[in-house]
Structure formats: structure tokens, C-alpha cells
Amino acid sequence: MKILYAVERVNLRGGYDRIIIEKANYLAEHGCEVIICVSSHTLSKPFYPISEKVKLVDFDIDFDQQYKHSLFIRAYIYKKLMRHYRKMLSNLLNIEHPDIVITTLGREIDFITEIDDGSVKVGESHIAKEYVRNFHLLEQRGFIYRLLACYWRKKVDKAAGKLDALVLLTQQDADAWAGIAKTVVIPISLPFYPFTSSTCDNKQAIFVGRYNEQKGLEYLVDTWAKVYCRHPDWTLHLYGDGEQKNMLEHLVNDAKLQDVVIIHQPTPQIMDRYLESSIFVLTSRFEGFGMVLIEAMACGLPVVSFNCPWGPADIIKNEEDGFLVEYLNTDEEAERICQLIEDPLLRKTMGTNARKNIKRYERDNVMKQWTELFEKLRN
């Protein structure tokens, strides 16, 4: 079977890139011919290793050039770049003749089902429907932008309805797409499952993720300020990067937490950082699933997370392997963290439960669902 992923980029240190690359590597190592087609100007190599059996094609289209201009000039440049992208992708599909083409609902969703190359067209969304393509940010910029966001939402919905299948990460997200597209729910698989587990003895918690609007960094800092009042000997270590890094540093400094909230760059040794921590903390506004949750739980950490749309409620068994907290409620988030700090037995018991419960996301189990879907659609 030949499978082609049409994606925007794979050069960032985040969950999206990691998920795509790990699935492509798995499929390639298990007998499929896999191509990753990158549309946008990447400027750097992929952060996560790509198997030699995976073919990487980079169209090197600089979509960022449009942002230097006014709205109407941007529209003209964007349309021109999109024509170029469509032509290049159409040529590639007609040369490669893949059995399955997967779009992550990026720019190619506008035309992917119109390319008559004989392939099955599958969508794969990594984020809750309301937040696809960051249209929610566009809506916050004023009346004209709200109209544009409404137009693009309808366009994506219409295009998704033409796909042979749309794969979502949670049932809640599938419910949001009901009546629009042919949905299938397949979760993310565990990227690792270490031989050892955290002892949950170290007086430190951990957050992993991009420093952006999605991750609710202001809620994270506010939560830890409340934890610090009761437990100044505990530290919170953050691993990530992103456009809100400077804002995050200011938040930490303004709260006078710079000695206990430690901001780190991303690291390839993230599993080791989980293993030396005792609690995982998440304050996201929204998620597609929450791969960092299953990573932390695989390392034996209890987790405390907002019950945001969508993902944490699917992963966390509340009060068994972690705590689901009322959405955006930093008082409750801090209280649950303090509960784990003050009760070492509870902390370790929840960590043990997390490591056991999360095995349901083992890679072979999840990838079997993907291969069965591909065979079904192809036949």
C-alpha cells in the first residue's frame, strides 16, 4: 500500500509533527510505501527522526510572504500561492499514484478531493473542531475577520464532507462533526513506554507543550502561584518553545516565581524529564487529544488537567490516575496539585494506576485501527 501525507510542515518540536512522523515511520517499517509531502517553506530539517524508508518531498512554498501586506494584497498573493500548490500536489499524486492520501485539514483541504488521481482521500484532525486552522483567533480581530472566519469554516466543512473518511481523536470531536463528514475515531498512540517508572518522590512538577495561546500559560502561572503559597519548596519545570515565550517569562517574573518556575528549551530526552518529576500539570484552553498526558502517565505520573475540549476526559480516569478540574478553574487546579503534594501515598498510587491504565494506547493497538481503516476504504 502506498500512503501519502500532505502536511504543512514537520520541522517544529510539537505534538503534530511528532504524531505524523511516528505514524509514517511505523507504516514504512511495516511494509507500506510512505511519502510525506510538505507544502510550506520549512527553513530547517525535521526535529524528530524520519525513517530512511519514508520519502520526504518539500514543495518549499513560502506562504509566510503574504503576511507582509494588507488584507486585499494578501488575498491576491494567497490565491496565487494556492494555485501553485494545487498544481504541484496534483502533479505529484499523478506521478506517485498513492492508494491513500491523508490531509490534516490544512490548505490542501480546499482542493484535495478534486484531484482525480484514483486515491482514497482521508482527513485527519489533531484539534477540536472549533479550533481548526485557528479560525477562533481570526474571529477575535473584528467584524471583517469574523466574516472571513465564518466563510472559511463553512468552506472547510464542505470540503471535509467530500472526504472518504475524517479521522478524529475523540468521540466528542466526532460528535461535533456529525452530519458534516464521515467520521472515525482513532486516538494517538503511546510514543514510548519506559522500563522504569517515576518514583514520584522529587519535589517537582512538569509541563510540556508549545508556548502558545492554546496552552493557557497565564492559567498555568496563576495556578503555580497558588501552589507556591502552600509549598514553596516545590518547583515547576516547563519544556517547550513558541510565540508566547516572552510573555511567559514576563508572567513568571511579575509573579516573582522565577526561582520555582523554571523555563526550559525543548529536549529530545523528554522521557527522562518526566521520570525525574512527580506530577504533570496541564491548563490548556483546548486540545485535540493531549499526547503529553499519555506520555507523562506512561512514565508513572499522576496528572492534573483542566477538563478542556477535547481529550483529557478520554484519557484521565478522574480520581484514579489523575484529576480532571473544572475548565479554567485555577483554584481547583492548585488545590488538586496541593492534595497530591501533601499525600505521597495518593501521588504514588495514582502514578502506578496511570502507568497501568495508559497501556490501552499502545502503538500496535492504535496502528492496527489505522491499517484496518485503510484496507476497508481501499476495498
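I started at one residue pair: valine 122 stands opposite alanine 165 in β6. The model I am reading is predicted. I then looked up the strands around this pair. Strand β5 covers residues 120–124 and strand β6 covers residues 165–168. The two pair in the parallel sense, over 3 bridges.

Next I noted the helices on the sheet. Helix α1, residues 15–29, packs on the sheet and touches β1 (2–7), β2 (33–40), β3 and β5. I read about 170° between the direction of α1 and that of β1. Helix α2, residues 71–96, also packs on the sheet. Its contacts there are β1, β2, β3 and β4 (100–103), and its direction makes about 155° with that of β3.

I went back for the whole sheet. What is the order of its strands? I read β3-β2-β1-β4-β5-β6-β7, an open sheet of 7 strands with parallel pairing. β3 (54–61) and β7 (183–185) are the edge strands; each has a single partner, so one side of each is left without a neighbour in the sheet. Neighbouring strands are turned by 20° against each other on average, direction ignored.

**Helix α2**

I checked the length of α2. The helix has 26 residues and reaches 36 Å from its first C-alpha to its last, close to the 38 Å expected at 1.5 Å a residue. I listed its buried residues: Arg74, Ile77, Tyr78, Leu81, Met82, Tyr85, Leu89, Ser90, Leu92, Leu93 and Glu96. What covers these buried residues? The cover includes β1, β2, β3, β4 and α4 (143–160).

I looked just past the end of the helix. Histidine 97 follows α2 and lies in the loop between α2 and β4. Histidine 97 has a positive phi of about 50°, although it is not a glycine.

**Aromatic rings**

I counted the aromatic pairs: the structure holds 12. I took phenylalanine 63 and tyrosine 78 to start. Their ring centres are 6.2 Å apart and their planes stand at 55°, so I logged the pair as tilted. Phenylalanine 63 sits in the loop between β3 and α2, tyrosine 78 in helix α2, 15 residues apart. Both phenylalanine 63 and tyrosine 78 are buried.

Phenylalanine 63 has another entry, with tyrosine 85. Here the ring centres are 6.2 Å apart and the planes at 80°, so the pair is edge-to-face. Tyrosine 85 is in helix α2 and phenylalanine 63 in the loop between β3 and α2, so the pair ties together parts that are 22 residues apart in sequence. Tyrosine 85 is buried, as is phenylalanine 63.

Which residues form the aromatic cluster? I found Phe59, Phe63, Tyr78, Tyr85, Phe111, Tyr151 and Trp152 together in one cluster.

I also looked for charges over rings. Arginine 107 lies over the face of phenylalanine 63, at 3.9 Å from the ring centre. Arginine 355 lies over the face of tyrosine 193, at 4.3 Å from the ring centre.

**Backbone notes**

Leucine 105 went on my list: its phi is positive, about 65°, although it is not a glycine. I placed leucine 105 in the loop between β4 and β5. Is leucine 105 buried or exposed? At 2% relative accessibility, leucine 105 counts as buried.

Last, I noted a cis peptide bond, from proline 309 to tryptophan 310, with omega near -20°. Tryptophan 310 lies in the loop between β12 (303–306) and α10 (312–315).

Definitions and conventions:
Residues numbered from 1 in each chain as written. Predicted model: local features only at pLDDT ≥ 70, side-chain atom pairs only at ≥ 80, totals over all residues. Heavy atoms only, no water. Pairing = 2+ DSSP bridges. Helix = DSSP H or I, 4+ residues; strand = E, 2+ residues; numbered from the N terminus. Axes fitted to C-alpha atoms, helices over the stretch in contact; angles between N-to-C directions. Contact = heavy atoms within 4.5 Å. Phe/Tyr/Trp six-rings, centres within 6.5 Å; stacked < 30°, edge-to-face > 60°. Buried < 20%, exposed > 50% of the residue type's maximum accessible area, 1.4 Å probe, protein only. Lys NZ or Arg CZ within 6 Å of the ring centre and 35° of its normal. Expected span 1.5 Å × (residues − 1).
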